[in-house]
Amino acid sequence: MPDPQTPPAVVTRDLSVRYGDHIALHPLTLSVAQGEVFGFLGHNGAGKTTTIRLLTTLLKPTGGAASVAGHDIRSAPLKVRSAIGYLPENVRLYDRFTTYENLMFFARLSGLRAKAAKEHVAETLHFLGIDHLADRRVGTFSKGMRQRVGLAQAILHAPSVLFLDEPTSGLDPMGVRHLREVIDRLRDNGMTIFMNTHLLSEVARSCTSIGVLAQGRLVFHDSISALDGYDERALEELYVGVARQGEAA
Ligand SMILES: Nc1ncnc2c1ncn2[C@@H]1O[C@H](COP(=O)(O)OP(=O)(O)OP(=O)(O)O)[C@@H](O)[C@H]1O
């Protein structure tokens with residue numbers, strides 16, 4: 001359970017962004033407590049990736065404020081980056097490098113010294129059950145294998161907040177199950193997870209709170225315990241209802 005005494009892992013106040021005349025994210029005010037697994041839902045183009053890009057400091061807001069892991073995204077972007085992990089929808093890896101080489105590269109880039117980097121890489125490979133991929137070049141990997149290496153890269157430095165953008169997209173059922181187990185273990189270790197997803201079954205199983213975005217506006221935000229008894233079907237009804245209201249607004 002999140003501790004109400006500790007500051008939230010993610011806080012936004014009227015955070016917004018526009019691309020030219022198009023408002024991709026209307027002023028968003030949101031709080032995600034430490035230790036939560038937050039599921040961010042919404043139709044294609046709702047603004048979920050845009051929100052993650054803002055919170056991971058890859059995109060500058062045009063309005064409002066936000067802090068992640070206690071650091072302001074505008075004034076302390078480097079501190080934000082060192083406190084977070086990010087798994088984008090399309091993982092970018094060096095195809096000609098092996099898994100181990102990719103991970104060592106990112107570990108050193110994150111500031112770890114060689115010895116610590118080796119230890120972190122070995123621990124992370126073991127944690128994710130991908131030791132057997134260590135010496136293989138990632139250019140030959142399937143989507144699911146790449147995704148595991150991308151996840152390893154995202155959690156190598158033990159971030160306090162992990163952002164996942166559509167982490168189950170393109171995964172087979174075993175891949176989805178593996179990811180779910182990893183999310184459970186990361187949550188048990190105290191990590192906060194902010195996950196964009198379309199999969200309501202994953203939300204019902206893994207998330208402790210949800211937000212629904214429609215046309216760049218937050219139209220619903222609550223904890224899963226407040227939705228006690230909601231199975232996948234009931235969540236779908238809720239989602240369709242609030243998303244329609246958002247579209248009509
Ligand atoms: N670089 C950009 N330039 C202009 N418009 C953009 C840009 N990136 C995103 N948009 C627009 O901003 C809106 C939000 O896009 P975003 O990718 O955040 O949606 P999403 O909810 O993540 O969608 P999906 O579920 O399809 O990934 C969309 O209308 C999109 O076309």
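Modeller: Let us start with a word we will need: two residues are in contact if their C-beta atoms, placed from the backbone, lie within 7 Å. Keep in mind, too, that this is a predicted model.

Colleague: Thanks! Which residues does Gly47 touch, leaving aside those up to four places away in sequence?

Modeller: Gly47 touches Ala24, Leu25, Gly42, Leu213 and Gly216. You will find Gly47 in the loop between β3 (37–42) and α1.

Colleague: Is Gly47 buried or exposed?

Modeller: Here we count neighbours, and a residue is buried if 20 or more other C-beta atoms lie within 10 Å of its own. Gly47 has 25 C-beta neighbours inside 10 Å, so it counts as buried.

Colleague: Where does Leu128 lie, for a second example?

Modeller: Leu128 belongs to the loop between α4 (114–127) and α5 (143–155). Leu128 counts as partly exposed because it has 18 C-beta neighbours inside 10 Å. Beyond residues up to four places away in sequence, Leu128 touches Arg148, Leu151, Ala152 and Val182. From Leu128 to Gly139 is eleven residues in sequence and 19 Å in space, C-alpha to C-alpha.

Colleague: How do I read a helix such as α1? How many of its residues are buried?

Modeller: As for burial, seven of the eight residues of α1 are buried, so α1 is largely enclosed by the rest of the structure. Those buried residues are Lys48, Thr50, Thr51, Ile52, Arg53, Leu54 and Leu55. Just after α1, look at Thr57, which takes a positive phi of about 70°.

Colleague: Which residues are around the ligand?

Modeller: They are Tyr19, His22, Ala24, Gly42, Asn44, Gly45, Ala46, Gly47, Lys48, Thr49 and Thr50. Sorted by type, the shell has three nonpolar residues, seven polar ones and one charged one.

Colleague: Which helix or strand gives the most to that shell?

Modeller: That is α1, with three residues. At least two shell residues come from each of β2 (22–32) and α1 (48–55).

Colleague: Now let us step back. How many helices and strands are in the protein?

Modeller: The protein has eight helices and ten strands. Its radius of gyration is 18 Å, close to the 18 Å that the globule rule gives for 249 residues, so the protein is as compact as a globular protein of that length. The C-alpha trace spans about 50 × 40 × 40 Å along its principal axes, and 41% of the 249 residues count as buried. Of the contacts between residues at least 6 apart in sequence, 69% join residues at least 24 apart.

Colleague: Which residues does UniProt list for a domain?

Modeller: An unreviewed UniProt entry lists residues 10–240 as "domain: ABC transporter". That span is 37% helix and 27% strand, and its end C-alpha atoms lie 26 Å apart.

Colleague: What pLDDT does the protein average?

Modeller: Where pLDDT is low, the predicted coordinates should not be read in detail. In this protein the average pLDDT is 91, and 97% of the residues score at least 70. For the complex, the predictor gives an ipTM of 0.94 and a pTM of 0.93.

Key
Residues are numbered from 1 along each chain as its sequence is written. This is a predicted model: local features need pLDDT of at least 70, side-chain atom pairs count only at pLDDT 80 or more; totals for chains, interfaces and linings use all residues. A residue is near a molecule or strand if its C-beta atom, placed from the backbone, lies within 6 Å of it. Helices (H or I, at least four residues) and strands (E, at least two) are DSSP runs, numbered from the N terminus. Ala, Val, Leu, Ile, Met, Phe, Trp, Tyr, Cys and Pro count as nonpolar, Asp, Glu, Lys and Arg as charged, and the others, Gly among them, as polar. UniProt positions are given in the numbering used here, feature names are shortened, and annotations may be inferred rather than shown by experiment. The radius of gyration is taken over C-alpha atoms; the globule rule is 2.2 Å times the number of residues to the power 0.38. A residue is buried if 20 or more other C-beta atoms lie within 10 Å of its own, exposed if 12 or fewer, and partly exposed in between; C-beta atoms are placed from the backbone. pLDDT is the predictor's confidence in each residue, from 0 to 100.
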